[in-house]
Amino acid sequence: MSRLIGFFSAFLLLIGLAIPAQAAVTVTFWSHEFGNSFPHAFVSVRGVPDAGGPAVDTTYGFTARTISPAILFGAVPGRVEPLKPSYIASSDAQFSMVLTDAQYNQLLALVSGWSEKTGDATYRLNGRNCVHFVKEAARAVGLSRLDYPKLMKKPRSYLLAVQAANAARVTKINQNGKAYLATLPPLASPALMPAPARGLAPAP
C-alpha cells in the first residue's frame, strides 16, 4: 500500500511539473498623455481565464473613428480599437488588477457595447471619450469611487485618482510601457499552445 501511495504521489508531482500553472486574466489601465494620436487612455488584458481556454493578450481603446475638428462640435462616430505595440510601449502602465472570469466577461460585454459593430460607438469629446471608456471598464471589473468630473480629459490624472481610491484592490505600476512590457513572463508553454501569444496582439 505504501508503494502505491508513493507511486500516486510521484504521478501527481509529474503532472504538476508537466503542466504550467495557468494565470488568471489581468487587466492593466494605461495612459498616453501627450501627442496627436488617440486614444489617450486604454486597457490591456493578458492571461488565461480560470475556466481554461486560449490565452488572451490584447488591448482595447475607444476613440473617434476620424480625428478632425468635428469632434470639438458634437457627437461623431467612434470605435473600439487595439493599439499598436509601438504606441503601447510609449504609453504608461498605471495599475493592474487580476480578474475573475465573471469580471473578465463583464469587461468583454462593455467592449461589445461600445463597439461600432455590436453596440453604440458614438464619440463625444465632453461626455463619451477614451477616459469615459476606461472609467466604465473600471466599473465593469468592480472598482469604485470613479467619478472625477474635472479629470475626464486628463487620462493620467484620472487613472491615478482611481488607483488611489482603490489602492487595496489594484496593483500600482506607474511605469513606462516599454519597461513594463519587458517584465511580463510568457503566457504559456509553447508545447501546450498551438500559437503562443507574442506581445500585445490586436483584438479579434
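Hi everyone, let me start with a rule: two rings of Phe, Tyr or Trp (its six-membered ring) pair if their centres lie within 6.5 Å, and the planes make the pair stacked under 30 degrees, edge-to-face over 60 and tilted for the rest. By that rule, we get 9 aromatic pairs here.

Take Trp 30 and Tyr 180: the ring centres are 5.7 Å apart and the planes sit at 70°, so this pair is edge-to-face. Helices (H or I, at least four residues) and strands (E, at least two) are DSSP runs, numbered from the N terminus. Trp 30 and Tyr 180 are both buried, meaning under 20% relative accessible area with a 1.4 Å probe, protein chains only; over 50% is exposed, and in between is partly exposed. Ring pairs also join Trp 30 and Tyr 180 with Phe 42 and Tyr 87 in a cluster.

A quick word on the model: it is predicted, with local features needing pLDDT of at least 70 and side-chain atom pairs pLDDT 80 or more, while totals for chains, interfaces and linings use all residues. Residues are numbered from 1 along each chain as its sequence is written, and side-chain values use heavy atoms, without hydrogens and water.

Now, is Tyr 123 buried or exposed? Tyr 123 has 3% relative accessibility, so it counts as buried. Tyr 123 lies in strand E6 (residues 122-123). Its C-alpha is 5.6 Å from that of Ala 64, 59 residues away in sequence.
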